[in-house]
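My plan was to look up a few local features and write down each one.

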Amino acid sequence: MLFSPTHEEIHRAAREEGFSRPGARRTAEEFEVAATVPLIVSDDVDAAVDALRPFYALYLGGMGAKAVNFHANVAIRMGYEREVDEIQDLYLGGKKDEAAAKVPRKLIDEMSLVGPPEKIREDLEKWRESIVTTLLVTGGVETVRAAAELVLGS
C-alpha cells in the first residue's frame, strides 16, 4: 500500500536485508510484491486526482500517531516531508477537507493510476518495470473490467 514505482529504492534496503539473513525462506526472485494501487479511468484527470485526495489525506494525515505513521513515512521518504507535516496538522486538527486539498497532485500521480486509458497504459510501464509483481485494484465491476483491459491490452 502507498507504493510508488518511481521511488522503489525506499523499499530496496529492507528487502535486501531480509533476503540476506541466514535462514531466509525466499529470494528476491521468488518473492511476490503485491501493491494496492488506486485506479480511476477518466478523461478528467483533475477530477480523478481530486477524488483520491481524501484517501491520501486519511492515510498520510490521520492514520496512527503523528510521530508514528508508517503510511506518512513512505511519502516523507519520497521527499514530501513538508507537505506531510502540513497534511497531518490539518487532518488531526479536524480540517479534513483542507488536508485533502494539500495532498500534492504529483504524489497522487506517483502512487495511483489516474487519467484516460492512454495515460494509464503509459504509466503502467513504470509499474511493470518495478519490483511489483501484482497490482491490487478495488472498485466496482466497471473498474475491474477497465483494469483488465488496460493491463491485458484488450
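Does Glu-110 count as buried or exposed, and at what relative accessibility? I looked it up: Glu-110 counts as buried because its relative accessibility is 12%. My cut-offs are under 20% relative accessible area for buried, over 50% for exposed and partly exposed in between, with a 1.4 Å probe and protein chains only.

Ground rules next. This is a predicted model, where local features need pLDDT of at least 70, side-chain atom pairs count only at pLDDT 80 or more, and totals for chains, interfaces and linings use all residues. Residues are numbered from 1 along each chain as its sequence is written, and side-chain values use heavy atoms, with hydrogens and water left out.

**Entry: Glu-110.** I found Glu-110 in helix H6. Helices here are DSSP runs (H or I, at least four residues), as are strands (E, at least two), numbered from the N terminus. I then listed contacts, meaning heavy atoms within 4.5 Å. Leaving aside neighbours within four places in sequence, Glu-110 touches Phe-3, Ser-4, Pro-5, Thr-6, His-7, Met-78, Tyr-80 and Trp-127.

**Entry: Leu-2.** I placed Leu-2 in the segment before H1. Leu-2 is not a glycine, yet its phi is positive, about 55°. Most residues other than glycine have a negative phi. Leu-2 counts as buried because its relative accessibility is 2%.

**Entry: helix H2.** I traced H2 over residues 45-62, 18 residues in all. Its first and last C-alpha are 25 Å apart, close to the expected 26 Å. That expected span is 1.5 Å times one less than the number of residues. I noted a kink of about 30° at Arg-53, shortly before Pro-54. The bend is the angle between axes fitted to the seven residues ending there and the seven starting there. Buried residues of H2 include Val-45, Leu-52, Arg-53 and Tyr-56. The buried residues of H2 pack against strands E2 and E3 and helices H3, H4, H5 and H6. Just after H2, Gly-64 has a positive phi of about 70°.

**Entry: largest pocket.** I read off a volume of about 200 Å³ for the largest pocket. A pocket is an open set of points on a 1 Å grid over the protein atoms alone where a 1.4 Å probe fits, with protein on both sides within 12 Å along at least five of seven lines; lining residues have an atom within 4 Å of a point. Among the lining residues are Met-1, Phe-3, His-11 and Ile-131. H1 gives the largest share, three residues. The lining divides into eight nonpolar, one polar and one charged.

Conventions
Points joined across faces, edges and corners; volume = space filled by probe spheres on them. Nonpolar A, V, L, I, M, F, W, Y, C, P; charged D, E, K, R; others polar.
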